[in-house]
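Visitor: I'm new to this one. Could you pick out a single part and take me through it closely?

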Amino acid sequence: MARILLDNVSVHIPVYDAEQVSIRTHIMSAATGGRLFRRSRRVMMVEALTGVSLTLEAGARVGLVGHNGSGKTTLLRVLAGIIEPTAGVAAMEGHTQALLNLEFGINEDLSGYRNIENLCLLFGLDHAEMRARSPEIADFTELGDFLSMPVRTYSSGMRLRLAFAAVTSLRPEILLLDELVGVGDTEFMTKATRRLRQQAEQAHILVLASHSEAVMREYCSEAVVLEQGRVLAHGPLDDVLRWNRRRERQPFGTVRDGQGEAEILRSA
Amino acid sequence: MVATVSSPPSVRSKALDDFGRGLRHWRLIGRMAWQQIRLRYARSLLGPFWMTLSMAAFCLAIGILFGAILGMDLAAFLPYLTAGYTVWLLLSGVLTESTRLFLGWRPFIQGSRLPYSFYVLAMVATHLIVFAHNMVVFVVVAAVYGSGPSPLQALMALAGLAVITVNALWVGLLLGMTCARFRDFPEVINIMLQILFFLTPIVWKPVRLPDNAFVDVLMTANPFTHFVEIVRAPLLGGGASLENWLVVAAVTVTGGVATTLLFDRYRARILYWC
């Protein structure tokens with residue numbers, strides 16, 4: 001049974017190339033980006049996530065909402081097991097696949113078909129399974145003759161088709177997608193929707209980060225709002241989106257520290 | 001994209017656990033190493049054998065220089081040179097590529113849970129394939145001059161190669177980590193290799209001069225001397241000395257332990273250093 005449990009997870013990321021900036025002890029919240037603090041003279045820390053607690057059960061289709069730098073990608077990386085929390089516990093049960101960038105596993109000078117084979121092997125399939133699955137994945141991409149061309153000739157939409165087809169073909173119990181699905185065209189969206197709906201039907205979990213409300217309505221049934229590395233709300237999609245819209249209409253400068261905000265509880 | 005979630009990591013050592021997980025991908029690693037090499041020489045006539053040609057050209061040039069100008073006996077010198085230089089290319093190649101190892105794989109590191117040893121193993125596999133291509137030159141030279149290893153000695157040479165491979169693993173991991181964090185290191189390694197090429201007996205044969213203990217010490221203290229000897233000596237029909245094997249063993253153990261300790265401590269941060 002797929003399950004995600006985050007308990008008070010924090011992730012602090014050291015940045016080594018930050019320019020010399022004087023940081024006062026308490027900074028006013030900026031609209032974008034996480035909290036910054038200085039660890040030493042040359043090392044700046046970014047509080048990418050702070051005290052994130054989240055429980056996602058099987059069948060959840062979750063959309064991550066938040067400004068750029070609010071912690072969506074970091075959260076996805078924690079869920080994918082790529083980043084270890086600096087504090088707190090992250091426990092994920094179930095076979096996980098994540099599509100966080102379009103360059104993973106891709107060798108630009110090889111053909112689309114070769115890349116599909118490499119991706120299958122990277123996902124842990126053995127040679128026999130890879131030979132069995134590759135045609136199915138190739139068909140799903142609908143890239144036709146382009147599959148024989150090197151990937152460096154592909155547009156980003158084509159790369160997305162390739163990557164998406166490969167990642168979802170394994171029907172993972174937990175599927176993580178980062179803001180990439182917007183790159184696809186409408187025809188692709190329809191195909192993708194069908195595949196992603198199956199996620200929920202098979203009691204699997206989907207977590208998707210996106211700026212597009214349309215995309216979220218298409219794929220998600222619940223939403224989580226992130227800001228400056230904190231979870232502000234988690235609940236049914238419509239309710240959370242409405243709440244978030246109302247919150248954003250408030251005048252800039254209101255101190256928002258994550259406490260005292262109306263937290264929408266999940267309906268039973 | 002993430003490789004299949006594996007069982008929870010062993011408590012013993014993150015480094016060993018990482019290599020365990022990496023080795024499970026051995027087939028894919030071999031495949032990717034070959035793809036990389038073939039791509040580098042794609043659309044060329046000779047393909048990967050350009051590496052062999054390049055090496056042959058170097059050895060020929062040095063051979064003519066030392067033979068014609070310095071009057072060295074080529075029958076003894078050329079096999080010595082080609083064997084030694086092939087091993088040197090393996091050692092220096094691994095060191096050089098390790099300095100930029102993780103930086104080159106950034107999309108993979110940021111996009112998946114693949115073990116770090118995956119990239120180390122891919123690098124080592126690539127260099128072993130190059131080594132095999134370069135060895136062709138030695139085989140030809142040895143055949144021409146009628147000098148070469150007996151089957152037993154060939155096995156000894158292979159054992160030496162195996163030991164070098166094991167060392168390449170910890171070097172790859174250690175340098176990969178350190179050079180991602182401290183960007184001065186790649187330059188230091190570069191300079192070190194340039195100097196070491198001349199301090200290691202490859203284009204010159206060690207002559208034990210009684211009143212030149214300094215050169216003697218330099219040569220002996222240089223670990224590369226010994227790493228080259230354990231493969232070259234058996235290939236030339238002899239055998240590496242006990243001293244060679246002791247130094248190699250000491251370096252292997254020290255390097256392995258140091259890398260394990262450092263990797264266990266800093267593994268979680270490598271992602272941020274790249």
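Predicted model: local features only at pLDDT ≥ 70, side-chain atom pairs only at ≥ 80, totals over all residues.

Guide: First, the setting: chain A has 268 residues, and 42% of them are buried. The chain holds seven helices and ten strands. If you take the contacts in chain A with a separation of 6 or more, 74% of them link residues 24 or more positions apart.

Now for Q228(A) itself. You'll find Q228(A) in the loop between β9, which covers 222-227, and β10, which covers 230-236. Its phi is near 50 degrees, a positive value in a residue other than glycine. Is Q228(A) buried or exposed? Q228(A) is buried, because 24 other C-beta atoms lie within 10 Å, and 20 or more is what it takes to count as buried.

N8(A) sits in strand β1, residues 3-15. With 13 C-beta neighbours inside 10 Å, N8(A) counts as partly exposed, so it falls between the cut-offs of 12 or fewer for exposed and 20 or more for buried.

One last stop is T96(A), in strand β6, which runs over residues 96-99. T96(A) has 24 other C-beta atoms within 10 Å, so it is buried. From T96(A) to T153(A) you go 57 residues along the sequence, and their C-alpha atoms are 30 Å apart in space.

Notes: Residues numbered from 1 in each chain as written. Chains lettered and ligands numbered in written order. Helix = DSSP H or I, 4+ residues; strand = E, 2+ residues; numbered from the N terminus. Contact = placed C-beta atoms within 7 Å.
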